Amino acid sequence: MLNGQDPQATNTIDRILESAVFLNWKDFTSDSAPKAVRLEYRTALTRSLKCLKLWSCVSRGHWKLVCEYWMESDPTHRQGIMFTKTYSSPGFTRMLDAIMHHQEVFSMTRVNVRGCVVQIGSPDEAQCAAAKRNMTEALERITSRSSPGTVSIPMRFAADYPA
């Protein structure tokens, strides 16, 4: 987990993904709240994320796939986010779309990584507040690099950022 790292760590892809998970934690419950969530992602040769999978753990050692996100479609999957039957999260969908389509705003935590796993524990109030600040700052970075008006109202809503 990334908690407790220096302020520069807030600009990493791992940290913003963790923030998106924290802000939508309740959506990753099926029968009971998850004890942990695991993000797995793979990068392309360009070091940009090409796919991401989110898993939920409600009991030790038992992981259930929550969703997958693919930057490109192919015969085995379509582009974008796909949730499994028991999960959905409009907020996480909006945040993940913005993150994945603006990856250049975030630095990669690891050098020359082809795949990565980030395990995230259940957040407390302080972590949720920090996640909200991180998401708002991310939106500001995305907005500053985009043409005016290109950041969607749903993304502003997802970060609880005033329109």
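A residue is taken as buried when its relative accessible area is under 20%. By this criterion, both arginine 15 and glutamate 18 are buried in the predicted model described here. The two residues belong to helix α1, which spans residues 13-23, and are separated by three residues, about one turn of the helix.

The buried positions are Ile13, Asp14, Arg15, Ile16, Leu17, Glu18, Ser19, Ala20, Val21 and Phe22. Nonpolar side chains tend to be buried together in soluble globular proteins. In the present model, the largest nonpolar core comprises 35 residues, and those with the most contacts inside it are Ile13, Leu17, Val21, Tyr41, Leu54 and Phe92. At least two residues of this core come from each of α1, β1 (36-43), β2 (49-59), β3 (62-70), α2 (90-101), β5 (115-121) and α3 (125-145). Helix α1 provides the largest share, with six residues.

The chain contains four helices and five strands. Read from the N terminus, these elements follow the order α-β-β-β-β-α-β-α-α. Of the 163 residues in the chain, 45% are buried. Among contacts between residues at least 6 apart in sequence, 58% link residues at least 24 apart. The accessible surface of the chain amounts to about 8800 Å², and carbon and sulfur atoms account for 52% of this area.

Another joins the side chains of lysine 26 and aspartate 27 at 3.5 Å, N to O. Lysine 26 is exposed, because its relative accessibility of 62% lies over the 50% cut-off. Aspartate 27, in contrast, has a relative accessible area of 18% and is therefore buried. A further salt bridge connects glutamate 40 with arginine 38, with the closest N and O atoms 3.0 Å apart. Glutamate 40 has a relative accessible area of 24% and so counts as partly exposed, while arginine 38, at 17% relative accessibility, is buried.

A disulfide is a covalent bond between the sulfur atoms of two cysteines. The search of the whole structure returned zero disulfides. Two of the cysteines were examined for burial. Cysteine 57 has a relative accessible area of 6% and is therefore buried. Cysteine 67 is likewise buried, at 1% relative accessibility.

The mean pLDDT is 80, and 78% of the residues reach 70 or more. The highest mean, 94, is found in strand β4 (residues 80-83), and the lowest, 53, in helix α4 (residues 153-158). Over residues 1-8, pLDDT stays under 50. For this segment, the model has 14 contacts beyond four places in sequence.

How values were computed
Residues are numbered from 1 along each chain as its sequence is written. Side-chain values use heavy atoms; hydrogens and water are left out. pLDDT is the predictor's confidence in each residue, from 0 to 100. Contact means heavy atoms within 4.5 Å. Buried means under 20% relative accessible area, exposed over 50%, partly exposed in between (1.4 Å probe, protein chains only). Accessible areas come from the Shrake-Rupley method with a 1.4 Å probe; for residues, only the protein chains shown count as cover. A salt bridge is a side-chain nitrogen of Lys or Arg within 4 Å of a carboxyl oxygen of Asp or Glu. A nonpolar core is a set of buried Ala, Val, Leu, Ile, Met, Phe, Trp, Tyr and Cys residues joined through side-chain atoms within 4.5 Å. A disulfide is a pair of cysteine sulfur atoms within 2.5 Å.
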